[in-house]
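This report describes how two protein chains meet in a model. Please view the sequence and the structure below before reading on.

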Protein chains: 2
Amino acid sequence: MTSTKEIKAEILAIGDELLYGQIMDTNSHWISKELDKIGVRVVRRSTVGDSRESIMAAFAEAESRADIILMTGGLGPTSDDLTKPLLAEYFNCEIALVPEALEAVRSFFEKRGRELTPLNVLQAHLPTKCQYIPNELGTAPGMWFEENGKVWMSMPGVPHEMKKLMSEHVIPKIKEIFPLPTIYHKVIKTVGIGESWLADLIKDWEKNLPSHIKLAYLPSLGHVKLRLTAFGEKIEELQSEVEMKIGEVKPLIDKYIYGYNNETLEEAIGILLKRSNKKVALAESCSGGYISHLITSVPGSSEYFQGSLIPYHNHFKNILLDVENDTLKEFGAVSEETVIQMSENIRKKFEADFGLASSGIAGPAGGWAEKPVGTVWIACAMEGKTITKKLQLTQDRMLNIQLTGVAALNLLRLSILGKTE
Amino acid sequence: MTSTKEIKAEILAIGDELLYGQIMDTNSHWISKELDKIGVRVVRRSTVGDSRESIMAAFAEAESRADIILMTGGLGPTSDDLTKPLLAEYFNCEIALVPEALEAVRSFFEKRGRELTPLNVLQAHLPTKCQYIPNELGTAPGMWFEENGKVWMSMPGVPHEMKKLMSEHVIPKIKEIFPLPTIYHKVIKTVGIGESWLADLIKDWEKNLPSHIKLAYLPSLGHVKLRLTAFGEKIEELQSEVEMKIGEVKPLIDKYIYGYNNETLEEAIGILLKRSNKKVALAESCSGGYISHLITSVPGSSEYFQGSLIPYHNHFKNILLDVENDTLKEFGAVSEETVIQMSENIRKKFEADFGLASSGIAGPAGGWAEKPVGTVWIACAMEGKTITKKLQLTQDRMLNIQLTGVAALNLLRLSILGKTE
């Protein structure tokens, strides 16, 4: 374990539009994640409006608590935007034209065939104590201050501009200036098992983790992510320790792991299908196109996605998908018998290796005692067999659609892997 | 204009998982919007971690700035969760069992067939100075404090639990206790026109708005919302003034208005289809099921949605949707000729009044000079005619899918209304 002093950061979002709830501040969350990755501890996040008093107070409070102060917003050229003049006041310096910044703004407008206005010229005037950080994606530059061993960075509130400034300037500068612990993260992505069951399966392994490797459970709709974070000196050592620990836990939960780090379930399925040169087609009823949308969100999905049919009524399940009328009458649209025919027939119609089908009562209306809202059948047909699963979900229509999507994709994943027992 | 003193609020989110970027705080944004609607001014939002020092400091700072302090998070039964003991410390009182709260927790678990654990019993122990506010959706109760003319409310961080407590208890209590200005909001929802063009069409109307009616432009993907906010004394007067102003602006932008307040484009289309007793079916290629998903997200959509086909390859466009092979060869899948056949054939296949179709290059790969990534054709077929539209979108796959969805739904809306000139 390293003995480096903890480096503290505060994140400040500036703008009335945030406090009034007109715009959601996603910047502070993103910055938190990036700082966490390099071992900087965020101790406070604040949002203040466009008022001199609030902003000056927030500057002083942040300085009293943190080594690094990162600000977003309040940098527009209009008079409501106060960040720049208040930074000059706080650091007791003038605002002057930075020729390099003027050149950047001019070239920004030239490329877009627009003329420079006097307001835009103002954006090239910066506090004399700051270092000018060019913003290639917009007209408000970044401003970097170093004073009394603390660093400050002011960035525009437009997310993609802020992200580029953070990744290319702020993070590298912070790493250079502050002695940070070496940290290695890896996320194991699981599906098809709840957090407490997962915790139960790996509790002995978790208990034996060394104290410099931390485990976090990050649950989201139908998924649980396990994040391993190792702290130490040498990145190669941490990486091999984490990989060893993953090697130990993998056999315990192998069936549930679909990927690592940022990989999504639909991307993981795409890789499996491409690798085995197999194709998939879907017959969606209650999920109404959602699963097809997930699959086709992945670049290159046309290599393995053949197509889908969404027959939203019994009549079309019969005439377009050849589900037998007797089956629909006897067992109903929401039944194992119906999803089996749907999955097998869609597989043939689209000349696919896998046929995935859903039928259920998404709600909020339409349920009855025997088949309440949230009852869903899913099936996956493949060469020689068809597997099915019944889900008993919630009262919420959108949640039912999303949970059906996760369960169906997982059924497909297990079918491709031949792990359907 | 009312002369009521401005009532100030501060929102405090508590939890290490927020500062580390593991969970995104969407609560503070939602609370901001709700307070803005009733004329309470949010002056600060803060996020602090699970540390005694930070939380106590945040309490004192919030008290110095605001009349209303709303907190979320830090209410779990485990020892990391500090909000409750620190509130007791801050208000200098004991924590004691509240029998009514115990009964609520017991019944919560009983309904779910689970047993009460000692940790759960702890959740029914509350600071003696607080008023117990039942949380029907979870086990951590709300706690309401009134002291020195200020009110405090602590709520769980789980969004749907917090929202119910806010809507049913906090907002009504705040309205009762504080003299708030009378405010009337109405949002006009538009589609198919950019913010600056819209602003240009209504600039004279905007200039003539009285000073107590404010206009805000709220743009989002393919949509622009216009929010009118009137301040005054009598709600009926404000309402009729705003309606009058909307009556004036409506003729200028009628074609672009699809609804008001929270209505979505897909809901508006559902209402139009139900009212005219018409049905729709879709043939989606580049949008891959996304438009069907939007339509079927609306409760009751089975009344007017017949179904969809997603033929992702030319072969299936031909064999399953009868698009002529000659058309596909001569003009390509991404062409006006192809989407016309797709929309007309899907309309017949699903016995629908409207047939909506998309075909394009979503990207990131697959474009060429003549048809770069982002080239999309959409069509809507109806009795006697078929209308088409070419879109030139972006380099981003997901953005292209979403923008195709908005444009196609708008084409359908205009077709139902007979406004396709």
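A salt bridge is a side-chain nitrogen of Lys or Arg within 4 Å of a carboxyl oxygen of Asp or Glu. Side chains of opposite charge can pair when their charged atoms come close.

The model is predicted: local features need pLDDT of at least 70, side-chain atom pairs count only at pLDDT 80 or more, and totals for chains, interfaces and linings use all residues. Residues are numbered from 1 along each chain as its sequence is written, chains are lettered from A and ligands numbered from 1 in the order in which they are written, and side-chain values use heavy atoms, with hydrogens and water left out.

Confidence is given by pLDDT, the predictor's confidence in each residue, from 0 to 100. Chain A averages a pLDDT of 94, and 98% of its residues score at least 70. For the complex, the predictor gives an ipTM of 0.87 and a pTM of 0.87.

Contact here means heavy atoms within 4.5 Å. Chain B gives 61 residues to the contact and chain A gives 61 residues. Because 100% of the interface residues of chain B are also interface residues in chain A, the copies meet through the same surface. The two chains bury about 5000 Å² between them, 56% of it on carbon and sulfur atoms; buried area is the accessible area (1.4 Å probe) that two parts lose on being put together, summed over both. M24(B), R44(B) and R45(B) supply 12% of the area that chain B buries against chain A, more than any other three residues.

| Salt bridge | N to O distance |
|---|---|
| R44(A) and E61(B) | 3.3 Å |
| E61(A) and R65(A) | 3.6 Å |

E61(A) and R65(A) both lie in helix α3 (residues 52–65) of chain A, 4 residues apart, about one turn of the helix. Helices (H or I, at least four residues) are DSSP runs, numbered from the N terminus.

Terms used
Helices (H or I, at least four residues) and strands (E, at least two) are DSSP runs, numbered from the N terminus.
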